Structures are given as structure tokens and as C-alpha cells.
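Visitor: Hi, could you walk me through this one? I'd like to start with the overall picture and then get to the details.

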Amino acid sequence: MHKRALITGVTGQDGLHLSHILLEKGYEVFGMVAGQRPSTAQSFSQLRPDVKLIQGDLADFSSVLQVIDQSQPNEIYNLGAISFVGLSFTQPELTANITGLGFLRVLEAVRKLHVEKSVRIYQASSSEMFGRVRETPQTELTSFHPRSPYGVAKTFAHYTGVQFREAYEMFISNGILFNHEGEYRGYEFVTRKITSNIAKIKLGKQERFSLGNIEVSRDWGYAGDYVEAMWLMLQQESPDDFVIATGKSHTVREFTTAALAAAGLEPNIERYLDYDVSMIRPSEVDSLIGDSSKAKKVLGWEPKVSFEELVALMVENDLRVESAR
Ligand code: F7E
């Protein structure tokens, strides 16, 4: 019999990658989508027609309960969130509600339906929880010091997962994923902003673009690699928490320079880049680098796509996208 998986946040970058690999593995895949975004659901269905979409919202407990009851999943992947860190500063309460309490609603719904002993649950935890880092590189044992309402909300959800796991013996695994990017990345995130603007410059559509603080560094991997780790976490004998990262960190400046080179432009950022003060966050995460040796040992997971390959893949994709516009 087919396994059934339910993905919240299915229309986002990770939902697209994850639904692809679950369909390939023979799963029946259900996705929860918010009713107020019909156009997002429509474009998602064009890419993944085999995913069954059900209306529901992480902000609304009865709809979450209804969606789980209807889809009867063996596995739930909670990817739904307000995921843009910048927005979380201007909408902190909404972020706490969706990104934090949303996961509590999923867990409570599973308990109310009395399926807590049979459903396996994945929570999308985040390296943003490390914030002002206590040690480098960060592992599953590094304590958290979030620097944004988003990081605080993810930390709440993470510990809620741990607490439900211990209190009710539920199968809940937290994947502490570092930044992961690719062809489905939203345009508000810095990597996509860089590659889409550089593609436009290369095609002669514009001359310059702007960014905020380019000296921050991130451990950037490929989203397609990272969703495989999510699935692996739910195939283990017991639930646990795992850091998923590449172990290498690069600054936004380095990403931009590499993207210029990949597009065949002069890798001199001053020639193309302006400074946008509005992108500066009230508190920033300066540098992140993850140690995923536990995931390698227990899950047999390793990233396949290198930083250089990731940059090239995103630039090539945006050259295609922008030439078709
Ligand atoms: O920013 C700096 C910005 O928005 C990266 C999410 O997936 O990963 C992501 O969060 C860095 C920050 O991602 C611009 O200040 C400079 O330091 O691409 P980002 P993020 O905040 O790291 C974690 C793991 C998640 O969980 C999140 O959901 O780049 N930066 N200039 C800029 N960032 C943006 N967006 N735009 C700029 O113009």
C-alpha cells in the first residue's frame, strides 16, 4: 500500500522539492494550502499535478484538524511558515502565530485525532535559532540565541516538538536546516535576488541592483539535497534532531562575485552594486556554519551540490527565466 504524506507549506521552495521526491518514491502526497492564495495553488498544481491540495491554514486549528483527518497521513512534514526573516520584524505577531503556534496546532490536532502513536512528524527547524552563535560550527548541542522574531518562533516550535516527543512518545524529528537555495527560491531571499538581478544585467535589461549588508556569511546548500534529509529523518527507528548543512560558509559579497563570474560578467561588484539601507535588519545574524556529521553518521546524508555548483545552477536558471520574459 502507498504511504501517505501531508506537507504544510507545500507551495514553497521546499514543498516543491519534497513533493517531487515523495511522488518519485511512490507516496500519495497531500498538500495543505491557504484558501486566500488561489493563484499560488494554481501555479503549484501546474508543476506538481499529482499532489492533492486541501485547503487549510496553520493559523486555524479546526482546518488543520480537518486536513489531517481527511488525508490520514503516515508522515507529516511541517514546512509552512512565515519564512522571510526580514518580514518577521514588521509582522512579529503573525510570525509567532504561523511559524511558532502553527506547529503546536499540528501536534495538538494529531493528538485530538488519536493518531499520535502512528504518525511520524517532521518539523522544519532553522539555523536562524542559533542567531548570535555561541560556538562555531553549530551542532545539535549548540544552544540557541535567536536574533529575529522568526528565529524566536522557530525556537518555540522546535522545543514544542521536543516536549511532545518526550511527553507523549510521539515520533517527531526536528531538522535544523541551514540556508538552502535553488531554482524555486523566492525572489525576496538574497541568493535569488542576486541571481535574478545579475541575469537581467547580463541580458541588458538593467545596469545595477542593490543589497543590504554584504559582509554577513551563511552556510548555503542546495534545497534539492536538503529535502532528502527530511525524508531520511522519518525513516529511522527513533525520532531525533539533526543539523543539515554543508560545513562551508560564504559571505553575500562572495556569493555575488561568484554569480557575476558564472554569468560571464566582470566579477567586480562595485561596478554593479548599490547599497540599500532599508535591507538592514534591527538585529542581524552575522555568520553561520553548520556541522552535519551526526546526519552523515546516522542518516548517511551528505550534501551533493557544492557552493560553486549552486551559484551556477541558480544563475543559469535565472538566465533562462529572464530570457523567456
Ligand atoms: O538573508 C543579508 C541578510 O533573507 C541572508 C530563510 O530561508 O535561511 C533564510 O534566512 C543574509 C541576511 O536569508 C540583502 O541581512 C543582504 O544576513 O536570504 P536571506 P536568511 O535571513 O538567512 C534560514 C535558515 C531560514 O530558516 C529562513 O527561513 O543576507 N542580505 N542584503 C540580504 N537579504 C535579503 N533578503 N535581501 C537583501 O537585499
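**A chat about the model**

Guide: Happy to! UniProt, in an unreviewed entry, places the feature "domain: NAD(P)-binding" at residues 6-314; its positions follow the numbering used here, feature names are shortened, and annotations may be inferred rather than shown by experiment. This is a predicted model, where local features need pLDDT of at least 70, side-chain atom pairs count only at pLDDT 80 or more, and totals for chains, interfaces and linings use all residues. Residues are numbered from 1 along each chain as its sequence is written, and side-chain values use heavy atoms, leaving out hydrogens and water.

Visitor: How much helix and strand is there over residues 6-314?

Guide: That stretch is 42% helix and 16% strand, with its end C-alpha atoms 28 Å apart. Helices (H or I, at least four residues) and strands (E, at least two) are DSSP runs, numbered from the N terminus.

Visitor: And which domains does the assignment give?

Guide: Domain 1 (4-180 + 222-244) and domain 2 (186-218 + 249-288 + 305-323), with bounds from an automatic or database domain assignment. Their centres, taken over C-alpha atoms, are 27 Å apart. In contact (heavy atoms within 4.5 Å) are 16 residues of domain 1 and 13 residues of domain 2.

Visitor: Which domains supply the shell around the ligand?

Guide: Domain 1 and domain 2 each give at least three residues. There are 22 residues around the ligand, and Ser83, Ser126, Tyr150, Arg281 and Glu284 come nearest; to be near, a residue needs a heavy atom within 4 Å.

Visitor: What distances do the polar side-chain atoms of Ser126, Arg281 and Glu284 have to ligand oxygen atoms?

Guide: For Ser126 the distance is 2.7 Å, for Arg281 2.6 Å and for Glu284 2.5 Å. Taken alone the ligand exposes 710 Å², and the protein buries 97% of that (Shrake-Rupley areas, 1.4 Å probe).

Visitor: Switching topic: where is the cis peptide bond?

Guide: From Thr136 to Pro137, with omega near -5 degrees. Pro137 sits in the loop between β5 (120-126) and α6 (149-168).

Visitor: Which residue has a positive phi although it is not a glycine?

Guide: Gln72, at about 45 degrees, in the loop between α3 (61-71) and β4 (75-78). Most residues other than glycine have a negative phi, and most peptide bonds are trans.

Terms used. A polar contact is a pair of N or O atoms within 3.5 Å; within protein, one must be able to donate a hydrogen and the other to accept it, and residues adjacent in sequence count only if both atoms are side-chain atoms.
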